[in-house]
Amino acid sequence: MNRVEQAVFLVGGRGTRLGALTHHTPKPLLKVGSAPFLETLLNEAARHGFREILLLAGHLAEIVRHYDGLMIRDCRLKVLVEPSEAGTAGALHFARPHLAERFLLANGDSFFDINLLALTQDTGAAPVARLALRLVEDAGRYGRVEVKGDRITSFREKGDSGAGLINAGIYVLQKSVIDRISTLPASIEKDIFPQLAELGLVEGRVFDGAFIDIGIPDDFARAQTLIPNLTKRPMAFLDRDGVINRDVGYASRPDQIEWMPGAIKAIRLLNDRGFYVATVTNQAGIARGFYTADDVIHLHAWMNEQLAKHGAHVDSWHFCPHHPTEGLTDLTGPCACRKPNPGLLEAAADTWHPDRGRSFLIGDKATDLQAANTFGVVGHFYEGQIPLDELVGKILAGRL
Ligand SMILES: [Mg+2]
């Protein structure tokens, strides 16, 4: 199955439990921290490499509509407005002509801090539906999910308290799920998933990221500090040549990329653990005229496609095209970005605003570590002595 490139958010609900707050603002657009809640979800989807986001709007759709056509990095936003209110299954039904064969679907009023690409990873044949689950102390408030192995066997209504698994509101679905919708209005959670679960067609995958649903006043208040804290992630700055891929000298094409042992696993581990991952790489081959900046951009896009097959991604790729003396273009001369200067790290930090205290760099040259030092993060030296994921594991465990 091809990779999942479309993310769909349900943003049409009335949000009645929040009272007056949602009279003039759709619930997902309420401010949480300094920005509308929805923008956290959109940024998350975009940084994971989704190419298109559909916003399924209903209540106060005219306010959601201003997101239509916007780009977040390489991800395009499209707003679809349901012609009438027909539940979450109705929203999907109306969106059908715009849906990919397989897509990520998420509630626009909850945030589950997980590696979204890990949810899209198949271990065998792709299931009709895969749900992200979370273990919570009081499952009764949400409705409990029963599982057997990786299959969901039933959904229980809200009620009996105690710890248990809940549906955390993020799914990977095949478009064929819509064929199950026979009458409208209908709810995907209450009508469609239970029906599919009885047939053994729903997979559950448990994640342990933070979860918050802004649908009730107490949690909406709690989200005001929780969301800014969660998105203040640490960052792993990774040098490219010699750390992610073997340093063959001026690699600019996919056939020149040999991944370092454990490199893909290491990036996946960082994604799973909630780190931003940025590469910071000197590419003086551009100044020297060996290849162009576009070649490098294309190569990095290709590398992210390869990573996606393993549920991994790099959030942003930063490269320095200059050289102080070599080459005959305006890229020759002093610059602030070529390591050991910290310019590439600064650019990555300006993009994501990471928590510097918990951030680190991995590099295979003294100049990498100098850049880390000047910028103010811990630098780890790596020259392939152990698989990269082992090194990252040690760093995350605080053993380095
Ligand atoms: Mg290097």
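Axes are lines fitted to C-alpha atoms, for helices over the stretch in contact, and angles run from 0 to 180 degrees between N-to-C directions. The structure is a predicted model, in which local features need pLDDT of at least 70 and side-chain atom pairs count only at pLDDT 80 or more, whereas totals for chains, interfaces and linings use all residues. Residues are numbered from 1 along each chain as its sequence is written, and side-chain values use heavy atoms, with hydrogens and water left out.

Helix 7 and helix 11 (residues 388-396) pack with their axes 7 Å apart, at an angle of about 30 degrees; helices (H or I, at least four residues) and strands (E, at least two) are DSSP runs, numbered from the N terminus. Helix 7 is therefore roughly parallel to helix 11, where angles under 35 degrees count as roughly parallel, over 145 as roughly antiparallel, 65 to 115 as roughly perpendicular and the rest as oblique. On the side of helix 7, the contact (heavy atoms within 4.5 Å) is made by Ala263, Lys265, Ala266, Leu269 and Leu270. Helix 11 contributes Leu388, Asp389, Val392, Gly393 and Leu396.

An open sheet is formed by 5 strands in the order 17-16-15-18-19, with parallel pairing; two strands pair if DSSP finds at least two bridges between them. Strand 17 (316-320) and strand 19 (378-381) are the edge strands, each pairing on one side only. From one strand to the next, the twist averages 20 degrees. Strand 15 (residues 235-238) and strand 16 (residues 276-282) run parallel and are joined by 4 bridges, and Ala236 has Val277 as its bridge partner in strand 16. Helix 7 (residues 263-272) packs on this sheet, where it touches strand 15, strand 16 and strand 18 (360-363). The direction of helix 7 makes about 140 degrees with that of strand 16.

A magnesium ion has Asp239 (OD), Asp241 (O) and Asp364 (OD) as its protein donors, at 2.1 to 2.2 Å. Donors are N, O and S atoms within 2.8 Å of the metal (3.2 Å for Na, K and Ca); water is not among the atoms, so sites may look incomplete. The donor residues follow the spacing D-x1-D-x122-D in sequence. Asp239 counts as buried at 6% relative accessibility, and Asp241 counts as buried at 13%. Buried means under 20% relative accessible area, exposed over 50%, and partly exposed in between (1.4 Å probe, protein chains only).

The buried residues of helix 3 are Ala89, Gly90, Ala91, Leu92 and Ala95. Their cover includes strand 1, strand 4 (52-57), strand 6 (75-81), strand 7 (102-107), strand 12 (164-174) and helix 5.

Strand 12 is largely enclosed by the rest of the structure, because 11 of its 11 residues are buried. Strand 12 runs antiparallel to strand 7, to which 5 bridges join it; in this pair, Phe103 has Leu173 of strand 12 as its bridge partner. Antiparallel pairing also links strand 12 with strand 9 (residues 129-136), over 7 bridges, and Leu133 stands opposite Asn167 in strand 12.

Gln6, in strand 1 (residues 6-10), is buried with a relative accessible area of 3%. Beyond its neighbours within four places in sequence, Gln6 is in contact with Phe50, Glu52, Leu54, His98, Leu99, Ala100, Phe103 and Leu104. The Gln6 side chain reaches the backbone oxygen of His98 at 2.9 Å. Arg102, which lies in strand 7, counts as buried at 5% relative accessibility. The side chain of Arg102 makes a polar contact with the side chain of Asp122 at 2.7 Å. A polar contact is a pair of N or O atoms within 3.5 Å; within protein, one must be able to donate a hydrogen and the other to accept it, and residues adjacent in sequence count only if both atoms are side-chain atoms. Asp219, found in helix 6 (residues 217-231), counts as buried at 6% relative accessibility. Residues up to four places away in sequence not being counted, Asp219 touches Arg141, Tyr142, Ile212 and Asp213.
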